[in-house]
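Thank you all for making the time this morning.

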Amino acid sequence: MAEPLRVFIVDDEGPARARLRSLLEDSAGALPNQVVGEAACGADALAALEQVVVDVVLLDIRMPGMDGMEVARQLAKLHHPPGVIFVTAYDAHAVSAFEVGARDYLLKPVRAERLLEALRRIAPVADSGTEARPAGRAITVNDRGRVLRVPLAEVLFLRAELKYVTLRTREREFVLDEPLTKLEEAFPDELLRIHRSCLVNRGQLAGFEMRRLGDENHWVALLKDWPDALPVSRRQAHVIRMFRQG
Amino acid sequence: MAKELELARAYAEIEAIRLGDRLRVVWQCQPEAMDALVPPLIVQPLLENAVYHGVEPCESGGEVNVAIFLRGDQLNLVMRNPCAAQSRRQGGNRMALNNIRERLDLHFDAEAEMSAYRSGGEFVVQIRMPYRHG
């Protein structure tokens, strides 16, 4: 990534802001970032963020005056809404946090690896330029007690396993409860069914290849910069024809 | 009482690191009252309540007033903090207040009194107990 991730910190407590700053500094080697500003209250944060475009806001929830939830709601109305990562000492707000479109939810005391993980999730979006991030194009997953929104752009494919559906990104795999059909209906333009048990992200699709499996020829789907090919079922072979036609 | 205040001041110093100049504590402690024998953990929990409910929710912070003085053979402790106009913070379960009341009753029976009330934008806790000293 050429440009460092532009970060803004909002917390009413000075030591909490200082800790985030030093964690970000420590992480700069692994993920280039730059703290472009900070604020001690919601009103100051909104005033500053109307002037300067940032990639991510690290946002405390419990603050005097306007709380972090309200700040997040206001930020979502900006022309270039930044990614919001909540940073809080309380886990009681997790569900409402995602209702206001937060990308992640960190519990204090924040650990460097966890912060880095959260920032990495934002980075690809930031990297795609100034194009506004389409709101809501994300899939919600449960992950070890956290609720996360995985942006659709990061999804490689979704696969139905025996009792659940797995979502694969370049970094890792998530498990979700929603059936493939529901996801296919929700994102008809983004997700393409290539098999009864598999949806791929059209944006990640590189092409198709005929492979010999035993005595038979089978189509497989190839993804961009991804080693594993995904089998295409005969029933779904028409997608290859559509792909050929663009 | 001197030890009680030492603990409360140490706690206030920690909160001051967190809250910066939003927290202001005014101590009005009569030196003659410092040798009073009091049940442990009376002052600090009250101060913590005052910070949590009175100072933290307020953007510009607030002042907590701690007054300790003798009146005749009675020791008085009065703590005041601002009441946030419309605090989003829940009222709490009054655990600290109930615990303190219980300890006062155990030590002094009916001879100690405690009251907690709102008055003119402030929350006030008043404790009166017999002055006993070592």
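Let me start with helix 1 of chain B, which covers residues 2–19 in this predicted model, and which, with its 18 residues, reaches 25 Å from its first C-alpha to its last, close to the 26 Å expected at 1.5 Å a residue. Three residues of this helix, B:Ala8, B:Ala12 and B:Leu19, are buried. Seen down the axis of helix 1 of chain B, these buried residues fall within an arc of 45°, so they line one face of the helix. As a reminder, an α-helix has 3.6 residues a turn, so residues three or four places apart point the same way. On the face turned away from the buried side, helix 1 of chain B carries the exposed residues B:Ala2, B:Lys3, B:Glu6, B:Ala10, B:Glu13, B:Ile14 and B:Ile17.

What, then, covers the buried residues of helix 1 of chain B? The cover includes strand 1, residues 23–29, and helix 2, residues 43–55, both of chain B.

Of the 134 residues of chain B, 28% count as buried. Among contacts in chain B between residues at least 6 apart in sequence, 74% join residues at least 24 apart.

Now I turn to chain A, where helix 3 has the buried residues A:Gly68, A:Met69, A:Val71, A:Ala72 and A:Leu75. They cover an arc of only 160° around the axis, which puts them on the same side of helix 3 of chain A. These buried residues pack against strand 1 (5–10), helix 2 (42–49), strand 3, strand 4 (83–88) and helix 4 (94–99) of chain A.

How do helix 2 and helix 3 of chain A cross? Their axes come within 10 Å and cross at roughly 20°, which makes helix 2 of chain A roughly parallel to helix 3 of chain A. The contact is made by A:Gly42, A:Ala45, A:Leu46 and A:Leu49 of helix 2 of chain A, together with A:Glu70, A:Val71, A:Gln74 and A:Leu75 of helix 3 of chain A. Helix 2 of chain A passes helix 3 of chain A in a right-handed crossing.

Finally, I would like to point to A:Arg62, which is found in the loop between strand 3 (56–60) and helix 3 (68–75) of chain A. Is A:Arg62 buried or partly exposed? With 19 other C-beta atoms within 10 Å, A:Arg62 is partly exposed, because a residue counts as buried at 20 or more. Leaving aside its neighbours within four places in sequence, A:Arg62 is in contact with A:Asp67, A:Thr88 and A:Tyr90. A:Arg62 and A:Val87 are 25 residues apart in sequence and 9.5 Å apart in space, C-alpha to C-alpha.

Conventions
Residues are numbered from 1 along each chain as its sequence is written. Chains are lettered from A and ligands numbered from 1 in the order in which they are written. This is a predicted model: local features need pLDDT of at least 70, side-chain atom pairs count only at pLDDT 80 or more; totals for chains, interfaces and linings use all residues. Helices (H or I, at least four residues) and strands (E, at least two) are DSSP runs, numbered from the N terminus. The expected span of a helix is 1.5 Å times one less than its number of residues. A residue is buried if 20 or more other C-beta atoms lie within 10 Å of its own, exposed if 12 or fewer, and partly exposed in between; C-beta atoms are placed from the backbone. The arc is that of the directions from the helix axis to the C-beta atoms. Two residues are in contact if their C-beta atoms, placed from the backbone, lie within 7 Å. Axes are lines fitted to C-alpha atoms, for helices over the stretch in contact, and angles run from 0 to 180 degrees between N-to-C directions. Angles under 35 degrees count as roughly parallel, over 145 as roughly antiparallel, 65 to 115 as roughly perpendicular and the rest as oblique. A crossing is left-handed if the near helix is turned anticlockwise from the far one by less than a right angle, and right-handed if clockwise.
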